[in-house]
Amino acid sequence: MDSLSLFCTGALLAGGLYWFVCVLGPAEQKGKRAVDLSGGSISAEKVRDNYKQYWSFFRRPKEIETAEKVPDFVDTFYNLVTDIYEWGWGQSFHFSPSIPGKSHRDATRLHEEMAVDLIDVKPGDRILDVGCGVGGPMRAIAAHSQAKVVGITINDYQVNRARMHNKKAGLDSLCEVVCGNFLEMPFQDNSFDGAYSIEATCHAPKLEDVYAEVFRVLKPGSLYVSYEWVTTEKYRADNPEHVEVIQGIERGDALPGLRSYSDIAEAAKKVGFEVVKEKDLAKPPSLPWWTRLKMGRIAYWRNHILVIVLAAIGIAPKGTVDVHDMLFKTADYLTRGGDSGIFSPMHMILLRKPKEAPSKS
Ligand SMILES: C=C(CC[C@@H](C)[C@H]1CC[C@H]2C3=CC[C@H]4[C@H](C)[C@@H](O)CC[C@]4(C)[C@H]3CC[C@]12C)C(C)C
Ligand SMILES: C[S@@+](CC[C@H](N)C(=O)[O-])C[C@H]1O[C@@H](n2cnc3c(N)ncnc32)[C@H](O)[C@@H]1O
């Protein structure tokens, strides 16, 4: 081979590699590239150990039922998955029903705007985002409502990502992000005009505990909406296939145990909320939320090869391959949960903190 063809072959290979990594592999919403995948706040050499530690929680299921252990377990999970989520899904870590003629991005934004429309927010109001991730919903909601949004997440890597995105979007005067546990929030009583949580309170070992905290920080008369992950009325605990799917969802999504749709309103009433409305947003006429997961299968294979290559050449932490493999399998359990109708990630409940505390007599 003469030097010109050697040069051309080399250039072609380098171009192909660049295209595979940087063009085929960038984030849905240009937040992350494959070459930037990390273990969040975990140093690269500890990613694999943390992944093993994450799985060890499931060998001692009693531990993840105790409130003290769960924040650690959830924090480890989000260190492991946050970059992969941003890279392969975008800045909003939740599902939304498909809408004909609309992109996933638009369907996601509309699902988020619906939450803030439900809680009757006025420009300038101070509202709380319970479990805010890297702030996709927070930015859409602040831009739509002109309310001031305060988000809380247990994961400090997400806090940094969210602040960076807020600044980049020019929304940092409306959006604030706090690192903390939503089971013990660092906020004063009666200090918010409204609150919402999108697919986040499913991480709480007891729903009452997080609902009680939201109740405490809300001003009397204000509204709270939550999109909850639940098993539906179709779920049968004596059906081994149902059990396998639900267990697969719990393990791949750091859940201490999925609740039944029928437990949600009970938990809310127990802490003092009035139930204004309750509806499973996944039910027809809504179109399936899981088609996006199903359609992505070819991309997941490509991503998996990419992660293997990047880990082998030392760009991505070694454990990233295990984490990606776990998510790959989780996508399948979630799709089966959606197809069979035994699981919903968007059981919506709208709650009001009464204007006056009920009399004790
Ligand atoms: C609310 C939660 C998270 C919900 C979803 C945002 C995520 C659940 C499963 C995730 C994914 C599965 C497959 C990944 C794929 C293999 C990879 O190549 C690209 C990213 C995925 C698509 C990833 C994206 C986010 C999810 C859809 C839970 C945790 C309570
Ligand atoms: C699936 S993500 C959803 C994020 C965001 N609502 C969205 O839709 O993009 C769940 C979020 O809940 C947060 N979370 C889970 N348990 C928490 C806890 N005990 N305290 C604070 N945040 C928590 C996680 O850190 C993460 O940000």
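Here is a short chat about this predicted model, its two ligands and some of its residues.

User: Hi! What should I know about the model before I start?

Analyst: It is a predicted model, where local features need pLDDT of at least 70, side-chain atom pairs count only at pLDDT 80 or more, and totals for chains, interfaces and linings use all residues. Residues are numbered from 1 along each chain as its sequence is written, chains are lettered from A and ligands numbered from 1 in the order in which they are written, and side-chain values use heavy atoms, with hydrogens and water left out.

User: Great. How many helices and strands are there in the protein?

Analyst: The protein has 12 helices and eight strands. These are DSSP runs numbered from the N terminus, with helices being H or I of at least four residues and strands E of at least two.

User: And what does UniProt list for residues 77-354?

Analyst: An unreviewed UniProt entry gives those residues as "domain: SAM-dependent methyltransferase Erg6/SMT-type". UniProt positions are in the numbering used here, feature names are shortened, and annotations may be inferred rather than shown by experiment. Over residues 77-354 the chain is 44% helix and 20% strand, with its end C-alpha atoms 36 Å apart.

User: What share of the protein's residues counts as buried?

Analyst: Of its 361 residues, 52% are buried. Buried means under 20% relative accessible area, exposed means over 50%, and partly exposed is in between, using a 1.4 Å probe and protein chains only.

User: On to ligand 1. Which residues come nearest?

Analyst: Tyr78, Tyr85, Trp229, Asn303 and His324 come nearest, out of 22 residues around ligand 1. A residue is near a molecule or strand if one of its heavy atoms lies within 4 Å of it.

User: What do the side chains of Asn303 and His324 do there?

Analyst: Asn303 has a side-chain N or O atom 2.8 Å from an oxygen atom of ligand 1. For His324, a polar side-chain atom is 2.6 Å from an oxygen atom of ligand 1. The protein covers 100% of the 630 Å² of accessible area that ligand 1 has on its own. Accessible areas come from the Shrake-Rupley method with a 1.4 Å probe, and for residues only the protein chains shown count as cover.

User: Which residues are closest to ligand 2?

Analyst: Phe93, Gly131, Thr153, Gln158 and Phe182 are the closest of the 19 residues that surround ligand 2. A polar side-chain atom of Thr153 sits 2.8 Å from an oxygen atom of the ligand, while one of Asn181 is 3.0 Å from a nitrogen atom of ligand 2. Phe182 uses its backbone: a polar atom there is 2.7 Å from a nitrogen atom of ligand 2. Taken alone, ligand 2 exposes 590 Å², and the protein buries 97% of that.

User: Phe182 makes me curious. What does Glu213 touch?

Analyst: Not counting residues up to four places away in sequence, Glu213 touches Phe182, Leu183, Glu184 and Met185. Contact means heavy atoms within 4.5 Å. Glu213 is in helix α7, residues 207-217, and counts as buried because its relative accessibility is 11%.

User: Where is Tyr224, and is it buried or exposed?

Analyst: Tyr224 is in strand β5, and it is buried, with a relative accessible area of 0%. Its side chain makes a polar contact with the side chain of Ser197 at 2.7 Å. A polar contact is a pair of N or O atoms within 3.5 Å; within protein, one must be able to donate a hydrogen and the other to accept it, and residues adjacent in sequence count only if both atoms are side-chain atoms.

User: What about His165?

Analyst: His165 is in helix α6, residues 156-168, and counts as buried because its relative accessibility is 6%. The His165 side chain makes a polar contact with that of Gln91 at 3.5 Å.

User: Last one: which peptide bond is cis?

Analyst: The bond from Pro284 to Pro285 is cis, with omega near 10°. Pro285 is in the loop between β7 (274-280) and α10. Most residues other than glycine have a negative phi, and most peptide bonds are trans. On the phi side, Gln146 has a positive value near 60°, and Asn190 has one of about 50°.
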